[in-house]
Amino acid sequence: NSSATDFASFVKAESDKLWGRWNGTIRSRLMPGGVCVAIFSRWGDDDLWGRWQESMAQGGDQWEEIWLPALAECPEGEDPDLWVDELGRSDGEALWPEMWPKETLESLRAASYANDGGFTWESQYQGRPMGRSGGLFERERWEMRPPAGPEEIKESIRAWDLAATARAGDWTVGARLDRLWNGKTIISDIK
């Protein structure tokens with residue numbers, strides 16, 4: 001998809017420019033013992049914070065992250081009944097409930113997952129970029145290939161999403177998947 005490729009190229013170019021500005025201008029002006037506060041939405045792993053994390057792992061400047069997602073999330077392995085974040089919020093509490101109540105945020109989360117697979121919610125609201133390449137089906141793992149010949153196909157199935165939601169339906173779509181004798185599954189047709 002060329003729009004996804006264009007978006008990825010744009011993000012990479014912007015990240016490269018910001019990283020260059022950081023290393024070439026901003027960092028050199030930070031005096032010893034000085035403080036840098038960066039506030040931003042994370043739209044990709046290759047953003048400024050992602051590059052700082054990579055640099056820290058390689059022994060570069062060490063930074064403290066204060067992660068303030070729109071809805072507090074108890075880390076895996078912690079007891080959600082006991083855990084609180086840096087602001088004292090329990091799991092699921094809104095960051096600014098007077099402006100963005102929990103119910104509004106949950107509605108935005110549902111809309112994002114319905115419209116873009118959660119990309120906007122995870123990046124903009126939770127500060128956890130997942131990339132437009134997909135969370136479950138990562139684009140880097142896709143393989144474009146010529147159509148399979150009948151001798152390669154072990155079995156086929158077609159499934160339909162009829163988008164039958166009253167007054168809110170989307171496009172009806174059907175996909176044919178072929179399981180090949182080599183164990184791979186391919187999408188051979190989308191209607």
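Trainee: Is Glu-73 buried, partly exposed or exposed here?
Mentor: In this predicted model, Glu-73 is partly exposed, with a relative accessible area of 23%.

Trainee: And which side chain does Glu-73 meet in a salt bridge?
Mentor: The side chain of Glu-73 meets that of Arg-128, with an N to O distance of 2.6 Å. Glu-73 sits in the loop between helix 2 (48-57) and helix 3 (102-116), while Arg-128 belongs to the loop between helix 4 (119-125) and strand 1 (153-161), so the pair ties together parts that are 55 residues apart in sequence.

Trainee: What about the accessibility of Arg-128?
Mentor: Arg-128 is partly exposed as well, its relative accessible area being 30%.

Trainee: Switching topic, how many salt bridges does the structure hold?
Mentor: The structure holds 13 salt bridges, and one of them links the side chains of Asp-178 and Arg-176 at 2.9 Å, N to O.

Trainee: Okay, and which residues do salt bridges with shared partners join into one network?
Mentor: That network is made up of Lys-12, Asp-16, Asp-46 and Arg-51. Within it, the side chains of Arg-51 and Asp-46 meet in a salt bridge with an N to O distance of 2.7 Å.

Trainee: Why does Arg-51 count as buried?
Mentor: Arg-51 counts as buried because its relative accessibility is 11%, and the cut-off for buried is under 20%. Asp-46, by contrast, is partly exposed, with a relative accessible area of 30%.

Note on methods:
Residues are numbered from 1 along each chain as its sequence is written. This is a predicted model: local features need pLDDT of at least 70, side-chain atom pairs count only at pLDDT 80 or more; totals for chains, interfaces and linings use all residues. Side-chain values use heavy atoms; hydrogens and water are left out. A salt bridge is a side-chain nitrogen of Lys or Arg within 4 Å of a carboxyl oxygen of Asp or Glu. Buried means under 20% relative accessible area, exposed over 50%, partly exposed in between (1.4 Å probe, protein chains only). Helices (H or I, at least four residues) and strands (E, at least two) are DSSP runs, numbered from the N terminus.
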